[in-house]
Every structure is written in C-alpha cells, then in structure tokens.
Number of protein chains: 2
Amino acid sequence: MGEFELIRHYFAAASCAQGGEGVVLGIGDDCALLELPVGEQLAVSTDTLVEGVHFPAACDPLLLGQRSLAVAVSDLAAMGADPIGVTLALTLPRVGADWLRQFADGLNLMAHRCGVSLIGGDTTRGPLSITVTVFGKVPAGQALRRSGARPGDLLCVGGHLGNAAGALPLVLGQRQAPVEVAEPLLAHYWSPMPQLVLGRRLRGLATAALDISDGLLADCGHIAKASGVALEVNAEQVPVSPALEAFLGREAALYAALTGGDDYVLAFTLPEALLSSLPETGVIHVIGRVREGQGVSLRDRQGQDITPTQRGYQHFRETP
Amino acid sequence: MGEFELIRHYFAAASCAQGGEGVVLGIGDDCALLELPVGEQLAVSTDTLVEGVHFPAACDPLLLGQRSLAVAVSDLAAMGADPIGVTLALTLPRVGADWLRQFADGLNLMAHRCGVSLIGGDTTRGPLSITVTVFGKVPAGQALRRSGARPGDLLCVGGHLGNAAGALPLVLGQRQAPVEVAEPLLAHYWSPMPQLVLGRRLRGLATAALDISDGLLADCGHIAKASGVALEVNAEQVPVSPALEAFLGREAALYAALTGGDDYVLAFTLPEALLSSLPETGVIHVIGRVREGQGVSLRDRQGQDITPTQRGYQHFRETP
C-alpha cells in the first residue's frame, strides 16, 4: 500500500466528509482546495506533538489521535473561527496496521465531534511525531485576537483549569487514583473538547481571547503583552474541578490550575457590561480584571500579590 | 527567549512580508488570518522532511532551509496557484543559535524568491524534523488537477530530470565530481526552484499536472490513475542535463531521470493544439502521449516497451 493509499485507507472516515462545506478538493492531489464565503477570512494554525515530549511513548493511539486534533482545533476556537479542514503530517518509525487504525479512529472521532474534514497530509518515516494544521473561517474583522484587552475589562475563563496537569502523573503511570478521580482528569488530558461554541459566541463581545495551553498565568501574560495592559487574577476565583481537588488537595490543585499547561480552555477579556450578553452556560468564570500597566499578577482574597515565579511550561526556555 | 520570540527573531525576514497580499494577521496569535480575493480558491499542501530520511544528518542548515520551503511551494506550482503564506513546524533536538540563524536565512531566501510570507508555526523539542504547510490562491475552477488527462493529449515536463537523484551520492559524500558537474547537480538538489510561473501559465491549458517528487514514472502513474488513462513515455525524449550525463553516463542518467525522486519539475498533459500557446521558454519538453487504457509504459525509439520494474521511491512500500 503506497503513501497515498495508506492515508486514504485509514483516515477515510474523517476525509469522506470532504464534500463538507468549504472543501472543494480533498486528499489525493498536489494540494487541497478550499473556498471561503464572501466576507469571511481563513484562520490557520499548526501544532506539533512529539513522542516523549508532548505525550508518553507507547500511549494509546486512539487517545493520541483524539488529542492531536483537539489541541489544534482549540486554536480555531480561540479565534472564534468555525472549522473547515485539517491536514495531518504523520511521521512514524514503521507502519503498524493496528496502531494506524486506532490512531485514525481517534482522529476521526474528534474530527466528527468538531465538524472538520481531513483534506490532506504527508506520511513519512522517522521518530513518531504528529503535526496538525487546521483551517477555519471567521467573518472578516471578527476574529478574537490577543491584542484588544482594555483596562476595566473582566478576565474570564471557559471552565475548570489544571485538570490536564493534574492528569499527567496518571498518564505517566507515576501515580494512581480512584476511578471517579482518574476518569475525569484523564478524559480532559486525552480528549480536551475545543470550545468552538463559546469562541463563536464571543465574537463581537470579547476584546481578547486565547486558549490556555502554556498555563493560565503564562497565557495571561501573552494577552497582557499583546494588549499593552496588566492582568490581575484573583486566586480564589480560579475554577478547579472537584476531581482535581480530591486528587491533589486545594493548594496543589490551584497551583496546577495557575501554571499547568494543556487545558485548552478559553481565557478572554470583555467589558463588564457585556457579561450578561453571554449565555448562562455555567462554564464561564470571572477570575480577574484588566488594569493599566503590564504583566500578570495573582491576588489573594485580601488583594495581596501572591504571584508565583514559575509561569507555566514553555518549550526551549534557555536563551539561544 | 521563549517559543514565540524564538520564531519571530530568526524568521523575521520572511515574516516581515506579512503585510503581504492576502495576509491579514501573521505570527503571534492563536491563528494566522488570510483573506482571498472574491472568485479565488485556497490551495493547501503539507510536506515533512525528517533528518536521516529526507536529508542527511549534519547537513548545511542554510541549504536545508531553502529546500524545506521549495519542496512545499512546488506543490502550489503544480496546482497553478500563487503563493500567499506558509507555516513552519520545526522540531529540534536543541536550540542552537548558529543553526537556527542559518536555517532561517535559507528559508527566508527561498521565501523571498517565491514571494511567500511566514505566517505561523510551532517550535518543539525532539528529533530534527521540518513540516511546512503552504497556502496559495488560484481562480475558482482553474486549479491544475491530476485527473483531467485525455487520450491524445501530449505529455510534457518542465525541465531536465534526474539531477536531484544524481546529486544524492554527492550529498551523502559517497562520490566526488569536478566542480562543473557537482555544482549544477547540488544546486538542483538543495535549491530546486518551484515552477510557479510555468504553473500559472498552464491554467486553462493543461488537462492534468503535478510536480515530480516520487520519480517521473511513478508520478506519471498518479496522473494515469487519477485520469483513468494510460501514459506512454518516449525514453529518448526525456530531458537529461549535460552535467548528469557527464557524471553518470547516458544510460544511468536516463534511469535517474525516469525513477529518481525530488526533481520538483512539473509534468503535465495538454491537447496538442495548445502546445503553441505555451511560451517558448526552452524548458518545456514533450516526452510522450496520453492513450486509452491504464498505467505507464516506457517506449524506445522503435516503440518497444522497455518499462523498468522499479517505479521510483515511495515511503512505506510494505503493505501494513
């Protein structure tokens, strides 16, 4: 089976949706072809996951397939974009039919959940690594950028934080937990659900937005820098799941929520007057406020600055 | 220097063109934003190069940067698309300032030559691997697909074939050659120039097109299959460069031209009556004809079938 047949065969379930809206030509030619409705812009993002760095060696390929797509689609949610298509660059040490089938099943499942079609890709031999590039559409001028936060805006997040960081010792087999604790944490790590509906609802309301991948404080730093403002986070308002608190205790759970990566929950700012325009989803938590200045600070109940020095995970910390 | 600063710093020369046509928002947010003129479609392609598989370990990073972009942009040429933007997913074992600077220099140089802007990417730690996703635009309905070849059409290529395959023993240091032989072969391997102008000229004329990456015979097989026709290649018409013939001798040079990969020269079919519509560039060679039937055959001067069994390089030959 050649390179083309290989991709086509295993990823047929995701790519058969290629008659989907916006996809003129899918897998099998030199390029895929997309079209956009008049007045819409194309949103593009690329994410790479490397074995041993972003996921453990010998992990469940179905879960890996789900997660690879979800983390990329989450960037579309963060821009308020509707998914159209995705390309998959898959580097594999060898072709294992079982592995590929399960990986494809996971990817296909998540593609179906997100309403996205596989439109192309490349399969190469080498150390296991997965690069997903996602394409979405958003009405011109309405994309949610990081640069529009204004002093006085509220800072909000779209759900519990820290679950993925809390799950990591379980993923790596370093710790165990009762099933009622382990299950929700592992589900969040392996199958984060991109907040596409929330992103779409935030168009025209949020002044800045992103998805939390490096950790809340680090990502708030990105908004603060891009917008030229300061962000204040109230520690007691940061939402932590009951499972995470049961697993780690209150203090460590909060630390995971503040600095752990891989949450793929949206963080956004918006004028206070617009908060009531958001639907009552139960997932939106106000956690702080935008101020004049720069940087991110963490406050306790008394307003004291308790900012930790560790600001979430970043690849390549060292200065070259 | 963080992940974002790293990319921005070293790839500034390519990304500063982001005010370029079609690029609304470049590097630094969750997604890049592109816009298309009304009536144009977006062409997308992804290519991965892995160290030790697609290029030798410890090769010149400047050359690698050039080549990584060129092979991806070549897919746009093959569709008749005009380049807009590119994302770079770069996986590196460690951050070396010298290596990164040179790689970026090479990529920036090729980006400038191709008129394409770096609009986003991801930098991760792991075994060296480069995934480039390219974006171009093409008037709706005018993209050059593989599926339109019709019996009676001429089969043409856009230049000498086999140079990259001929260069391989030089690239790997297995052989040496006089500079007048080595230079053009190595230039073709490391810095193939995507045939964007030719691709654009073929819109509305060519019935099928692709860029030769797997080898002439293998790639002709892709056109034959997609179009439901047979392709006949006349061996004596296959163009081989003087350097390649001087290096390998006539017979081995022809074999390299027929089966070697990495040429990134366009192959296309068109009705004979349209041949005179093509500009007299000197690079277009008629090498055969489309027939009823299926598959690819190679003919000698007497019309005898001399098709070799080896049909060019394909990743993952074994059936899973």
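Of the interface residues of chain B, 100% are also interface residues in chain A, so the two copies meet through the same surface. Contact here means heavy atoms within 4.5 Å. This is a predicted model, in which local features need pLDDT of at least 70 and side-chain atom pairs count only at pLDDT 80 or more, while totals for chains, interfaces and linings use all residues. Residues are numbered from 1 along each chain as its sequence is written, chains are lettered from A and ligands numbered from 1 in the order in which they are written, and side-chain values use heavy atoms, with hydrogens and water left out.

Chain B is superposed on chain A by a rotation of 180° with 0.0 Å of shift along its axis, at an RMSD of 0.0 Å. The two copies are thus related as by a two-fold rotation axis. The superposition is by least squares on the C-alpha atoms of residues with pLDDT of at least 70 in both copies.

Helices (H or I, at least four residues) and strands (E, at least two) are DSSP runs, numbered from the N terminus, and two strands pair if DSSP finds at least two bridges between them. Strands of a sheet pair through backbone hydrogen bonds, either parallel or antiparallel.

Where do the two chains join within this sheet? Strand β3 (residues 40-50) of chain A and strand β2 (residues 32-34) of chain B run antiparallel and are joined by 3 bridges. The bridge partner of A:Val44 in β2(B) is B:Ala32.

In chain B, the 18 residues of helix α4 (residues 97-114) should span 26 Å at 1.5 Å a residue, and the end C-alpha atoms are 25 Å apart, which agrees. The expected span is 1.5 Å times one less than the number of residues. Among the buried residues of α4(B) are B:Leu100, B:Phe103, B:Leu107 and B:Cys114. Buried means under 20% relative accessible area, exposed over 50%, and partly exposed in between (1.4 Å probe, protein chains only). After α4(B) comes B:Gly115, whose phi is positive, near 70°.

Two individual residues complete the picture. B:Glu232 is in strand β9 (residues 230-234) of chain B and counts as buried at 18% relative accessibility. The residues that B:Glu232 touches include B:Leu155, B:Ile287 and B:Arg291. A:Ala58 is in the loop between β3 and α3 of chain A; A:Ala58 has a positive phi of about 60° although it is not a glycine, and at 77% relative accessibility A:Ala58 counts as exposed.

Methods. Lists of a residue's contacts leave out its neighbours within four places in sequence.
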